[in-house]
Amino acid sequence: MLKSAAHLDRILAALGSLQYYLKLNSAQGFISPAAHLEDFCIPLLDAVYGYSLTNANAAKSNTPAIDLIDDNERLGIQVTINDKATKISDTYKTAADLKHNLGAEIGKLLIFFFTAKAPKTPAGVKAVPGITIELLDLTDLITEIRSFPPEKQEQIAALLDHELSSGPSARYIINATNVTVIPGRIETLTIHNH
């Protein structure tokens, strides 16, 4: 049980650090880290869900509504750091647009919100004939990983270490204790790395 908790701590810290990094970059108007997120998600989602994903934009620049594709499963995945409900309605609209003919390529489309929680699907969004659209977020992903045996969790933690580190092993802030707050600034902060 303790091994599982240690693996999950590494996974949570890695995904949380990356999510925060991407959010800050986006707030500053930098989009290239978000574009790299697509390639990062390929081995992660393959490991967690058993997909065989490729980057749909590598073959054809800016495929409408699809960033990653698993041809065998007829699955498309849109990866986003946008946490607005309009992302959902825009994706439904694009998927339903007959000029894109997405139904010929996929039967299922996941909108992967690289955020803690996906927004709610807006009222009035109509189903897309021939394509099932589902939402996935980091909470869903972590819930799935929690159900794995410790060995599989260790593999995913090692994958994240490898993908997010330029060194032999990544270090993330796992927890912070002894925070003394004075209005407007932090007085002391003790950080424990694992």
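Which residues does Thr91 touch, not counting residues up to four places away in sequence? Thr91 touches Ala65, Gln78, Leu109 and Ile111, where contact means heavy atoms within 4.5 Å. The report below places this residue in its surroundings.

This is a predicted model, in which local features need pLDDT of at least 70 and side-chain atom pairs count only at pLDDT 80 or more, while totals for chains, interfaces and linings use all residues. Residues are numbered from 1 along each chain as its sequence is written, and side-chain values use heavy atoms, with hydrogens and water left out.

**The chain as a whole**

The chain contains 6 helices and 7 strands; helices (H or I, at least four residues) and strands (E, at least two) are DSSP runs, numbered from the N terminus. Read from the N terminus, the order of the elements is α-α-β-α-β-β-α-β-β-α-α-β-β. Of the 194 residues, 37% are buried. Here, buried means under 20% relative accessible area, exposed over 50%, and partly exposed in between, with a 1.4 Å probe and protein chains only. Among contacts with a separation of 6 or more, 61% join residues 24 or more positions apart.

**The sheet**

Five strands form an open sheet in the order E1-E2-E3-E4-E5, with mixed pairing. Its edge strands are E1 (54-55) and E5, each of which pairs on one side only. Two strands count as paired if DSSP finds at least two bridges between them. In general, strands of a sheet pair through backbone hydrogen bonds, either parallel or antiparallel.

Strand E4 (residues 108-113) has 5 of its 6 residues buried. E4 runs parallel to strand E3 (residues 75-80), to which 6 bridges join it. Between E3 and E4 the chain passes through helix H4 (residues 86-96), and this β-α-β crossover is right-handed. The term means that, with the strands pointing away from the viewer, the path from the first strand over the helix to the second runs clockwise. E4 also pairs with strand E5 (residues 132-137) in the parallel sense, over 6 bridges.

Helix H5 (residues 138-146) lies across E4 and E5, at about 80° to E5. Angles run from 0 to 180 degrees between N-to-C directions, and axes are lines fitted to C-alpha atoms, for helices over the stretch in contact.

The table gives the location and the relative accessible area of three residues.

| Residue | Location | Relative accessible area |
|---|---|---|
| Thr91 | helix H4 | 3% |
| Asp161 | helix H6 (residues 150-164) | 9% |
| Phe114 | loop between E4 and E5 | 1% |

Because its relative accessible area is 1%, Phe114 is classed as buried. Leaving aside neighbours within four places in sequence, Phe114 is in contact with residues including Leu15, Leu22, Phe40, Thr80 and Leu138. Phe114 and Leu138 are 24 residues apart along the chain, and their C-alpha atoms are separated by 5.9 Å.

Asp161 is likewise buried. Its side chain makes a polar contact with the side chain of Arg10 at 2.4 Å. A polar contact is a pair of N or O atoms within 3.5 Å; within protein, one must be able to donate a hydrogen and the other to accept it, and residues adjacent in sequence count only if both atoms are side-chain atoms.
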